[in-house]
Amino acid sequence: MSQNKLKALCARAALDYILPKLHGRTILGIGTGSTTNLFIELMAQEKIRLKGAVASSIATKKLLEKHEIKVFKLDEVDSLELYIDGADESNSSLELVKGGGGALTQEKIVAAASKEFVCIVDHTKWVSNLGEFPLPIEVIPTSIKYVSKEIKEMGGDPEHRKGVITDNGNLIIDVKGLYPISKPKSLEKDLNNIAGVVTNGIFALRPADKIFVASNSEVSEYSRSLASS
Ligand code: 5RP
């Protein structure tokens, strides 16, 4: 089965899971990327009634508006019950690496503000150890040289993602050489402590609560509290 079909399958599973929780006053947090886009398309096809959504990127905002789903700024909502997003990697503790699409900072903010984070991935993203996917880090433009030097001292191999300016006007560094990330929470904190780092793509301090992993044979569901399929 193609990766795109697998992405559509986990999007379907997530929509089935959240449907009973939705009502006309729900504002959904929605992430960024091709899997999340399939989730948005599915909601539109099924004419799901929502009050609106909080988008984690300009690209997601545009797609939601194309489907006439009202987009709110995070500041305009009192609370978010649910956040749906993809990931580049997940381990069995539902700690993630995200940011392949460069939207990691807004994604981390919306995930943090949401009561439940539902992640959707195909099986290629389900890993024993995080860190094989180059870790995205958003940095303030003037700090890129300094942050890169600090990361090299930590054993990483940073590469500037050329031509990319984030929605926040910053730059992205992709860091190889950190595999395996044995202590995701402490590495997340350490990287965020480097002056000039806006945020990094490890989502361990606020991991997913539930993940739907699509493979050729089935969609497996893992919960953080139960950590089983
Ligand atoms: C964007 C992200 C995405 O969730 C991640 O890159 C997965 O993308 P896709 O669903 O296209 O595979 O973190 O910043």
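1. Is L94 buried or exposed? At 0% relative accessibility, L94 counts as buried, because the cut-off for buried is under 20%. The model is a predicted one, and the values in this note are computed from it. L94 belongs to the loop that runs between strand 5 (89-90) and strand 6 (96-97). Its phi is positive, about 65°, although L94 is not a glycine.

2. E68 also calls for a backbone check. This residue is not a glycine, yet its phi is positive at about 60°. E68 sits in the loop between helix 3 and strand 3. With a relative accessible area of 76%, E68 is exposed, whereas L94 is buried at 0%.

3. Y179 and P180 are joined by a cis peptide bond, with omega at about -5°. P180 is placed in the loop between strand 10 (171-176) and helix 6 (184-192).

4. On the overall fold, the chain contains six helices and 14 strands. Its radius of gyration is 17 Å, close to the 17 Å that the globule rule gives for 229 residues, so the chain is as compact as a globular protein of that length. The C-alpha trace spans about 50 × 40 × 30 Å along its principal axes.

5. Burial and surface can be taken together. Of the 229 residues, 52% count as buried. The chain has an accessible surface of about 10,900 Å², and carbon and sulfur atoms account for 50% of that area. Taking contacts between residues at least 6 apart in sequence, 72% join residues at least 24 apart.

6. P136 gives a view of the interior. It lies in strand 8 (residues 135-139) and is buried, with a relative accessible area of 0%. Beyond its neighbours within four places in sequence, P136 is in contact with V97, K98, G99, G100, L104, R161, I172, I173, D174, N200 and G201. L104, one of these contacts, is also among the residues that line the largest cavity. F39 is 97 residues from P136 in sequence, and the C-alpha atoms of the two are 23 Å apart in space.

7. A113, in helix 4, has another setting. At 38% relative accessibility A113 counts as partly exposed, because that value falls between the 20% and 50% cut-offs. Leaving aside neighbours within four places in sequence, A113 is in contact with L74 and L80. L80 is 33 residues away along the chain, and its C-alpha atom is separated from that of A113 by 6.6 Å.

8. The largest pocket holds about 290 Å³ of space. Its lining has 15 residues, and those nearest the centre are A55, K61, F72, K73 and Q106. At least two lining residues come from each of strand 2 (52-55), helix 3 (58-66), strand 3 (71-72) and helix 4 (104-113). Helix 4 gives the most, with three residues. By class, the pocket lining divides into eight nonpolar, four polar and three charged residues.

9. A search of the whole structure finds one cavity of 30 Å³ or more, and the largest cavity has a volume of about 30 Å³. Lining this cavity are S56, G102, A103, L104, T105, Q106, E138, T166, D167 and N168. The lining comprises two nonpolar, six polar and two charged residues. Helix 4 supplies the largest share of the cavity lining, three residues.

10. Which residues link these sites? Q106 lies nearest the centre of the largest pocket along with A55, K61, F72 and K73, and Q106 also lines the largest cavity. Helix 4 gives the most to the pocket lining and has the largest share of the cavity lining. A113 is found in helix 4 as well.

Definitions and conventions. Residues numbered from 1 in each chain as written. Predicted model: local features only at pLDDT ≥ 70, side-chain atom pairs only at ≥ 80, totals over all residues. Heavy atoms only, no water. 1 Å grid on protein atoms, 1.4 Å probe; cavity = no way out; pocket = protein on both sides within 12 Å on 5 of 7 lines; lining within 4 Å. Points joined across faces, edges and corners; volume = space filled by probe spheres on them. Helix = DSSP H or I, 4+ residues; strand = E, 2+ residues; numbered from the N terminus. Nonpolar A, V, L, I, M, F, W, Y, C, P; charged D, E, K, R; others polar. Rg over C-alpha atoms; globule rule 2.2 N^0.38 Å. Buried < 20%, exposed > 50% of the residue type's maximum accessible area, 1.4 Å probe, protein only. Contact = heavy atoms within 4.5 Å. Areas by Shrake-Rupley, 256 points an atom, 1.4 Å probe, with all protein chains shown as cover.
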